[in-house]
Amino acid sequence: MAKIILTHEVTGLGAPGDVVEVKDGYARNYLIPRNLAAPWTKGAEKDITAIRKARKAREIASLDDAKAIRDSLQSKPVVVSAKAGDAGRLFGAVTTAEIAEAVKASGAPAIDKRKVEIAQPIKALGEYTVSVRLHPEVAATVTVKVVAA
C-alpha cells in the first residue's frame with residue numbers, strides 16, 4: 001500500500017489535503033501521473049496545510065449555505081446552448097466548465113467546474129441531470145437543458 005497526499009478531489013477517495021493509503025499501482029499509474037496526488041513524505045506535511053487552507057477558501061462555508069444553494073439550483077433548469085447538427089447531435093460535448101458558466105449566468109451562485117459530475121457525456125440536444133457537490137454532505141441534482149445555438 002502506498003501513502004499519498006491528494007492534491008485534487010477524487011470521487012470515492014477524498015478531498016485535497018487528505019492523506020490516504022491506496023494500492024501501489026493505482027497511485028503510480030493513475031493518481032500521480034495525472035497530478036491528482038503526490039507521494040507522502042515528512043517534508044510534504046507543510047504542503048498539506050497549504051492545500052487545506054486553499055480548499056477552505058474555495059469551499060462553501062456552512063451546511064446551511066450549501067442547502068440554500070442546493071435549493072436554488074434545483075428549482076429551475078440551467079440552459080446551455082451549443083452548436084448542433086440537423087439530427088440534434090452536438091459538435092463536441094457539453095463540458096463541466098460550460099455548465100458552471102450557465103449556472104452563474106442563470107443568477108445562481110458561482111460553482112466550481114471541478115464540483116460538477118456528468119454521468120455520461122452530453123452529446124445531443126435535450127434535458128440531462130447533473131450532480132453538483134456543494135459541500136461534503138450536500139449534493140445538488142441540476143437539470144441541464146441543452147438547446148441549439
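At 45% relative accessibility, Asp-71 counts as partly exposed, a class lying between buried (under 20% relative accessible area) and exposed (over 50%), computed with a 1.4 Å probe on protein chains only. The model is predicted, so local features need pLDDT of at least 70 and side-chain atom pairs count only at pLDDT 80 or more, whereas totals for chains, interfaces and linings use all residues. Residues are numbered from 1 along each chain as its sequence is written, and side-chain values use heavy atoms, with hydrogens and water left out.

Asp-71 and Arg-70 meet through their side chains in a salt bridge, at 3.7 Å from N to O. The term denotes a side-chain nitrogen of Lys or Arg within 4 Å of a carboxyl oxygen of Asp or Glu. Arg-70 is likewise partly exposed, with a relative accessible area of 23%. By this rule the count comes to 5 salt bridges.

We turn next to helix 3. Helices (H or I, at least four residues) and strands (E, at least two) are DSSP runs, numbered from the N terminus. Helix 3 spans residues 63-75, and its 13 residues reach 18 Å from the first C-alpha to the last, close to the 18 Å expected at 1.5 Å a residue; the expected span is 1.5 Å times one less than the number of residues. Its buried residues are Ala-66, Ile-69 and Leu-73. They cover an arc of only 65° around the axis, which puts them on the same side of helix 3; the arc is that of the directions from the helix axis to the C-beta atoms. An α-helix has 3.6 residues a turn, so residues three or four places apart point the same way. On the other side of helix 3, Asp-64 and Ser-75 are exposed. The buried residues of helix 3 pack against helix 4 (96-105), strand 8 (126-135) and strand 9 (138-148).

Leu-73 also belongs to the largest nonpolar core, which has 24 residues and in which Leu-73, Ile-99 and Leu-134 have the most contacts. Such a core is a set of buried Ala, Val, Leu, Ile, Met, Phe, Trp, Tyr and Cys residues joined through side-chain atoms within 4.5 Å. At least two residues of this core come from each of helix 3, strand 4 (78-82), strand 5 (89-94), helix 4, strand 8 and strand 9. Strand 9 gives the most, with 5 residues. A second, separate core of 10 residues includes Ala-2, Ile-4, Val-10 and Val-20.

Strand 8 also holds Arg-133, which counts as buried at 16% relative accessibility. The side chain of Arg-133 reaches the backbone oxygen of Arg-114 at 3.1 Å. Arg-133 and Glu-117 meet in a salt bridge through their side chains, at 2.5 Å from N to O. Since Arg-133 lies in strand 8 and Glu-117 in strand 6, the pair ties together parts that are 16 residues apart in sequence. Glu-117 is partly exposed at 26% relative accessibility.

A further salt bridge joins Glu-9 to Lys-115, the closest N and O atoms being 3.0 Å apart. This pair links distant parts of the chain, 106 residues apart: Glu-9 is in the loop between strand 1 (2-6) and strand 2 (19-22), and Lys-115 is in the loop between helix 4 and strand 6 (116-117). Glu-9 is partly exposed, with a relative accessible area of 33%, and so is Lys-115, at 23%. Glu-9, Lys-115, Glu-117 and Arg-133 are linked in a network of salt bridges.

Conventions. Contact means heavy atoms within 4.5 Å. A polar contact is a pair of N or O atoms within 3.5 Å; within protein, one must be able to donate a hydrogen and the other to accept it, and residues adjacent in sequence count only if both atoms are side-chain atoms.
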